Amino acid sequence: MLKHSLRYIYLLFCLLITGAAIAQSGLGLNKRVPQQQASDEKKEYEIGGISVTGTKYLDEDLLITVTGLSVGQKVNLPNDATVAKAIRNLWKQELFSNVTISVSKTIGDKVFLVINVEERPRLSRFLFKGIKSNEAKELKEKLGLVKGKVVTDATKKEAEVRIRKYYLDKGFGRITVSTKEKADTVSVNSVMLFFIIDKGVKTHINQINFSGNDHVEAMRLKHAMKSTKEMARMSLYPADKISVYTENRRSFGKYMHDWGFLSLSKTMSAINPYFRLNIFTSSKFNPQKFDEDKQSIAAYYNTLGYRDAAVIKDTVYNVENGNLNIDIKVKEGHRYYFGDIKWRGNTKYSDSVLTEILNIKKGDVYNQDLLEKRLGKQLSPEGGLDVSSLYMDDGYLFFNIDPAEISIVGDTINYEMRVTEGPQATIKDVNISGNDRTNEHVIRRELRTLPGAKFSRQDLIRSQREIATLGFIDQEKIGIQPKPHPEDGTVDIDYSVVEKPSDQLSLSAGFGGGINFYGNIGVIFNNFSIHNIFKPKFWKPLPVGDGEKFSINYASNGVYYNSLNVAFTEPWLGGHKPNSLTTNLLYSKYSGAAVGADPNSSYLSVFGGGVAMSKRVKWPDDYFVITYGLYYNNYKLHNYSLTSDFTDGFSNNLYAKFVIARSSLDRPLYPLGGSNISLTLQFTPPFSMFSGQDYSAEAPADKYKWIEYHKYRFTADWYKRITGNLVLRLITKYGFLGYYNKDIGFSPFERFQLGGDGLSGYSFIIGRDVISQRGYDIYIQDATIFNKYTAEIRYPFSLNPTATIYGLAFFDAANAWETFGDYNPFKLNRDAGLGVRVFLPMFGMLGLDYGVGFDKYDQLNGVTGLKGLAKFTFMLGFEPE
């Protein structure tokens, strides 16, 4: 017994000796610290030196700075809070996999520290497995990984998330991504990342099922979801709805039949008016967009008065064909209505005025979205007057309105509109930035917001439009920032602009129109400056900055056809008022000789020019512009059959032109709204009335020595946003040419040509207005009256100012007649088709249309004979009429 007790005492003694030895050696910060420091008692030291070990890429001095430690600093060891903070500062950099700070030695009261770090590996390269090379190229741009980037778990996780999102957006709902890390033996402390991707198959939405929707049809809820759509299918609506639409569809169907439209949709509609062909929407499933669409369902219910509606459950599950079904359960709640609406705090406008603008009556179905739009708290795509704009257009920048629900009685919500009018604000300073090439006065003169004037939100909107209309400012990046100063009732307005390339180079070629193959080259400088023409520093590459327009165009096919046109426009003549001056010179010569023959044996030439003034007017409103000009053209014919009895001689065309135009387009390249309407009157003096000659016996050369006529053109071009950026465009065009003297009759010049692409031919040489019609060749060249109607549906693929691209579907109906006696406005040649437009700043508008003519026409009379055509139509530089 005693023997065993002695053994236990001996074993305990050995353990105590071992523990003491370990304590003497010390760990971490205790290394080489005097024995007395091993106790809990702290001692103050002065840092005598700091060294760094373990670095491979990082600068040692920079690391010491990051720790916050410095030589001479006082620390209490062991367990000093300053040292612990230094370690945390290094961990925050996310550059290390291990960090320690230890004591290397002590000399008296000075301690020397060692920062030991283990750097995380750097990325040498990364590769993808399981995907195509073009997908890998796109992913490399999206991941943002670069060589030398520190690789952390967060880095790999973020890359996986981006890869997964990329494929989810493409419809691969079962995408899996894993990352494999491998050391790169070529580079020091570097790794390679391998992203192993299994896309699976694309998952489409097979069917969306709704439950709980007792008052709203599932079809409407599906339409409310913008991004979550079912697979393409022909869907038939419930048969019990047919009677509601039968009469309307019957009359509409007759209209479509009369115009030659017989389609699948019409045929199916005859069976079931609820027919819907869903082939243009994507059925890919995106979880994030699905969450947004659930909110859209609730928002749609709110517009119908169900303010408590919500999606309470949704289930997404796989079906046998590998796609998804979605079950959505909604809770509609009660339907609410607007009750009494009272106003409080309004002194500027009476209750009746504000109630009329709000236009919400007691008993109307509750609609939060409509209420916010009418109050001006939410921008309405349709525009129009709201309560906020009423105040803010009259200077009340500090205006605020709070719609407070004061009571809910049953299903009726009573409101009190609490108005804070505030003082009227006066514009103090107007600042412009971003105009590196354009002189500030060019932009400033277009602004409606002037220092000293009352603030007006409408003036801001109009100023933005006028800046965009200049043509050399990016309309999508015009910034307007009001900076109010409530202390003195003023506001500064800062405009920021981004200039875009606006000069255009036109290179084109054509064939036909009597001149066979020809080429065209032209340049348009939209921000030209004559004032800076002798100042080399403003040449970029030509003098720019004053918003003037200079163009030169040359077309030729060799010796048989040549044309030169030069024009210049000063938009602010004198610099004080928006009165523009335009001048132009032109020369053209067209040979009627056969190829290989002397081109001078038969030709028609014209030399001329003109000057015009344009003035903005404020009545009936300030969208109107009046233009008046005087022009002269001299025509020379040599053995050239312009008419059957006029082949040689000179003709002089001295005419005046008067144009009344109104343009309210909201943007120049892709208008979403507004109109462009113009009425043009062009006339010569009635020379025959002054001569006293009997022109019934005169030779044609004498009849046409001084051309006389009166000519009228009317064009109306409307744009209306349907939804989003989908736009309806409607165009109406009329033209009429008259004469003063029946013995002279119609002038052989200045007539109308209809058909073709509007680009080919030489008709412009003799002043013909070239009216294009897609789907037909030129079918009348000497008309004196024409009608044309066009309807287009447009949708943009890109609104980037460097490449604006949009597609369109069109329908045209047009015809032209040689005399007013033949005129029949109901006898029109119809066509329809599809097209695309691409605007490149350097080349202008480029377009391609494919049109199908529906009606028969005659090459000479435009009435009967040959069949209509299906053909492509090209456009280069500008859009033909």
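Colleague: How many helices and strands are there in the protein?
Modeller: The protein has 16 helices and 37 strands; these are DSSP runs numbered from the N terminus, helices being H or I with at least four residues and strands E with at least two. This is a predicted model, in which local features need pLDDT of at least 70, side-chain atom pairs count only at pLDDT 80 or more, and totals for chains, interfaces and linings use all residues. Residues are numbered from 1 along each chain as its sequence is written, and side-chain values use heavy atoms, without hydrogens and water.

Colleague: In what order do the three strands of the open sheet stand?
Modeller: The order is 5-7-6, with mixed pairing; two strands pair if DSSP finds at least two bridges between them.

Colleague: Why is one side of strand 5 and of strand 6 left without a neighbour in the sheet?
Modeller: Strand 5 (122–129) and strand 6 (176–183) are at the edges, so each has a single partner strand.

Colleague: How many bridges join strand 5 to strand 7?
Modeller: Seven bridges join them, and the two strands run parallel. Leu-127 stands opposite Phe-194 in strand 7.

Colleague: Which strands does helix 4 touch?
Modeller: Helix 4 (residues 133–143) packs on the sheet and touches strand 5 and strand 7, contact meaning heavy atoms within 4.5 Å.

Colleague: Changing topic, what share of the residues is buried?
Modeller: Of the 881 residues in the protein, 42% are buried, that is, under 20% relative accessible area with a 1.4 Å probe, counting protein chains only.

Notes. Axes fitted to C-alpha atoms, helices over the stretch in contact; angles between N-to-C directions. Buried < 20%, exposed > 50% of the residue type's maximum accessible area, 1.4 Å probe, protein only.
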